[in-house]
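Please look over the model below before reading on; my remarks follow as numbered points.

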Amino acid sequence: MSCRHGIPVSVLAAMTVALGGCGAQSTLDPHAEPAREISTLWWWMLAVAGTVLGGALFLLFLGWIRRREPGMPLLGQNEGLARLLVVVFGIAIPLGVNVALFVVANLVVAKVTQAPDPRTTRMTIQVVGHQWWWEVRYPGRTAVTANEIHIPVGTRVNLVATTDDVIHSFWVPELNRKIDMVPGHPNRILLEADRPGRYRGQCAEFCGLQHAHMGLYVFADTPQRFRAWLSHNASPRTAPASAQARRGEQVFDQQACASCHTIRGTSAAGAIGPDLTHVAERSSLAALAIPNTRAELSRWIRDPQHVKPGNRMPRLGLPKADFDALAEYLDGLR
Amino acid sequence: VAATHVERLGRIWTEREGVMGWVTTTDHKRIGILYFFTALVFFLAGGVEALLIRTQLIGPNQNLLSPGAYNEVFTMHGITMIFLFVIPISTGAFGNYLLPLQIGARDMAFPRMNALSYWIFLGSGIFMYTGLVMGQAPDAGWFNYVPLADKQFSPYAGIDFYCLGIIFNSISSTLTAANFIVTIFRLRAPGMSLNRMPLFCYAFLAVAGALLFALPPLSVATTFLELDRRLGMHFYDVAAGGEPLLWQHLFWIFGHPEVYIIILPAFGIATSIIPTFVRRRMVAFELVALAEILVAFIGFGVWAHHMFAVGLPIATTIYFAAASMIIVIPSGIQLFAWITTIVTGTPIFKTPLLWILGFIVLFIIGGLSGVMFAAIPFDQQTTDTYFVVAHFHFVIFGAAVFPILGGIYFWFPKLTGRMYHEGLGQLSFWLAFAGTMLTFFPMHILGLEGMPRRDYTYPGGLGWTGPNLIETIGSYILTAGLLVMVGNLVWSRRHGRLAGNDPWKAPTLEWSTTSPPPPYNFPVIPTVTSPYAMWDPQDREEDRERLGRGVLTLERGHETPATTSLDGNLDELLEMPSHSPYPILLAAALSGVFVMLLVGHWTTALVFLACVGAVLVAWHREEPYG
């Protein structure tokens, strides 16, 4: 995604781009109104902060070039004038700047980033934080997925953020600010994207061992594609097509898999791990820890603790044929 | 006549020799030195932890530390630097050593309690590090949020080490704070009315007041958590009607004033160094004194700006944002008072002033990024990212530790009687300054590019690799700067040029006595007519005259004068306690109580508690007032 900034770019901004470019999770690469407002606010704050820093550095530089010489040019060592400088630069100017910042940030911009008025949103999505993955539900539909949120582009979505265990924080910086998921406090936030695309997010509140591997993607689809995705994901699993896949389904149902995972349309109805009904359609596994390829999938089910130490999926130690059948089955769940 | 006075004072005040002398000392200078070296050991531990963190993050997907070890290391880094390094070295070392000297007293108001603070601090530090050595270090961050820190999600003893260690440690800080307040209000030299007190002392008064009120909420929070964890209570348990946000409120009611507790001593050091090296009095003295007190006061009203992303009501966030902006004003006053003092003075850029110059630059950057967090939407976007890590390291390392390091250079001649090496001193500053900028400045960019804090690793391809590499290199340069400083001071301790009493022509009273000062500090109690006592040659001439006549030499007992708290008029003579074994015994008994609480031997804990009582009784049978 390209870098576009609404405000003339200062030296630091040039440095930002030179150092890192715009990442896939950058607050400076906004693709929705709330993130754009915050980004604009940032560039203005940077401009003011740069001016203040520049002024102070200039004064210190003045002290440096006049070292071992008494007094200041024009000012000398006049006590009253020096005190006046402190009052002007230390009290009057900061007061004025702060009042302006307060009004702009906390009264104007904050309106856009607050929890959305329910009358202005077109649909609701529930996201539940777990150690260490995201459960995504579409109220009123049977569709359940994990670590990937699909939304129709240009649509104001009311996102309800809750947690199943510890505090997590839902954060997709290119779209909006973050919102914590606190036990007993369902929070809401606006989710909206201007353009179709994939937006990366990550848990922002320290949540234990694998906090670093708790990522998610938001996919903004065209309305038609979104509707197709939603109705497909509301449907039960695609029946296994080959003998090996059918064997995999048996293994899944009979082994420990089914006690933690749900696959709609089968007897697997566990509620601890992610719903796997359409797992093969997702782009990654283990909350963005690894890409969802056949090879990575096999590695993951064989030894989940090596890929993401501390996660709740145990190492099952099945015969190789069973693992191969499982991989074949899961890889076919489109 | 003067010679016999001095000889008698020496006999009365000199403590025992050898190790027993250090163990039983009540001399504020020796206690300050104990604090200094103990805090440095913890600084070394915290520094190694920092280097482990930076080395792990040198590139994407590194495995130097396991996820669990990384979480323990960053948690211990925070706890160590805050509770076991910055506060002990600023209040315990600088405050203890310098306060009585700056106000012209012979000791702190409660010398044995002062020793007790040190031994408790040492005990609590060893207690918390025992967990790490046993592989049971706390791993839920220094902020230790529930429910992650509850028994259900952290079943190991690490969090218990944290809770009990913090409660134990805060006893020490509370004692120190109470001691400072009484010392500052009662033991100032005759003539040192409050408006003639050095700004350094104002800063420590503000710190002591803030500590006294900030620690109880922390003790309450950690006690509740221990009760939840050990006795199955439900203070933070939503399922049973508890409230996890209660922890966050209590923690930050402590945690934000704590920021000013950390930084105010540094402000005090800056106000000592600047006038000395620019050869002029501070501009706007009263405004700066007022600002130091105000910062500590307003600091209690801003805590919820740490919680803007938890979904607080809008009215609440708006209030806390406004309060957070108001605190900019007293900081702005001090900042521009330092800058105008420098530019209207005659600056001589020796090593101590260089560190202060670095401090001013780093504090401006950290302060400006701090104001940005009062913009609620921006805070909600960047909180819990590396932008915050950048901000608070500019403030805590740049603004609090730089003056401490500058202060070490500044007072080194007073403590050792010798000068440090100026060239190496300046080299250590420039290395540390460059290292600090390289380590922490790119963190702003990382935060804006979306890198969260406290991640043990990160994927490539998100634009985070370059800044992380630069930061890690920066941290090595910073380490090199600190090592040059250590080498310089170790060498100078033996081979430096002799310093004399007052090598800097500095303005405050500690420079009137010998380097190092005698056990009784001053052969004659000085009298004072301005905050810049050493720049009033007439007053010092009078001191010498009085020493000759034996007036206010107090050589008949172990005494220091007390003065009235506002005007500093001579009030009475206080008989001070001398060396005592009880402080260390009390701290040992108290350590026993906390260890037994940790392992859950309640009866043995009660036995140790009885020992605490017994030591207290013995202690009070030896009141000097009889």
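1. Chain A holds 9 helices and 12 strands (DSSP runs, H or I of at least four residues for helices and E of at least two for strands, numbered from the N terminus). The radius of gyration of chain A is 26 Å, well over the 20 Å that the globule rule gives for 334 residues, so chain A is more spread out than a compact globule (C-alpha atoms only; the rule is 2.2 Å times the number of residues to the power 0.38). Along the principal axes, its C-alpha atoms fill a box of roughly 95 × 45 × 40 Å.

2. This is a predicted model, in which local features need pLDDT of at least 70 and side-chain atom pairs count only at pLDDT 80 or more, while totals for chains, interfaces and linings use all residues. Residues are numbered from 1 along each chain as its sequence is written, and side-chain values use heavy atoms, without hydrogens and water.

3. Of the 334 residues of chain A, 54% count as buried (under 20% relative accessible area, with exposed over 50% and partly exposed in between, using a 1.4 Å probe and protein chains only).

4. A nonpolar surface patch of about 570 Å² includes A:V48, A:L84 and A:F89. Helices α2 (33-65) and α3 (79-113) of chain A each supply at least two of its residues, and α3(A) gives the largest share, 6 residues; A:L84 sits in that helix α3.

5. On the surface, A:R67, A:R68, B:K350 and B:R497 gather in a patch of positive charge. B:K350 lies in the loop between α11 (328-344) and α12 (351-372) of chain B, and counts as partly exposed because its relative accessibility is 31%.

Notes. Chains are lettered from A and ligands numbered from 1 in the order in which they are written. Patches are made of residues with over 30% relative accessible area and no salt bridge: like charges are joined within 9 Å, nonpolar side chains (Val, Leu, Ile, Met, Phe, Trp, Tyr) within 5 Å. Accessible areas come from the Shrake-Rupley method with a 1.4 Å probe; for residues, only the protein chains shown count as cover. A salt bridge is a side-chain nitrogen of Lys or Arg within 4 Å of a carboxyl oxygen of Asp or Glu. Lys and Arg count as positive and Asp and Glu as negative; His and the chain ends are not counted. The place of a charge is taken as NZ of Lys, CZ of Arg, CG of Asp or CD of Glu.
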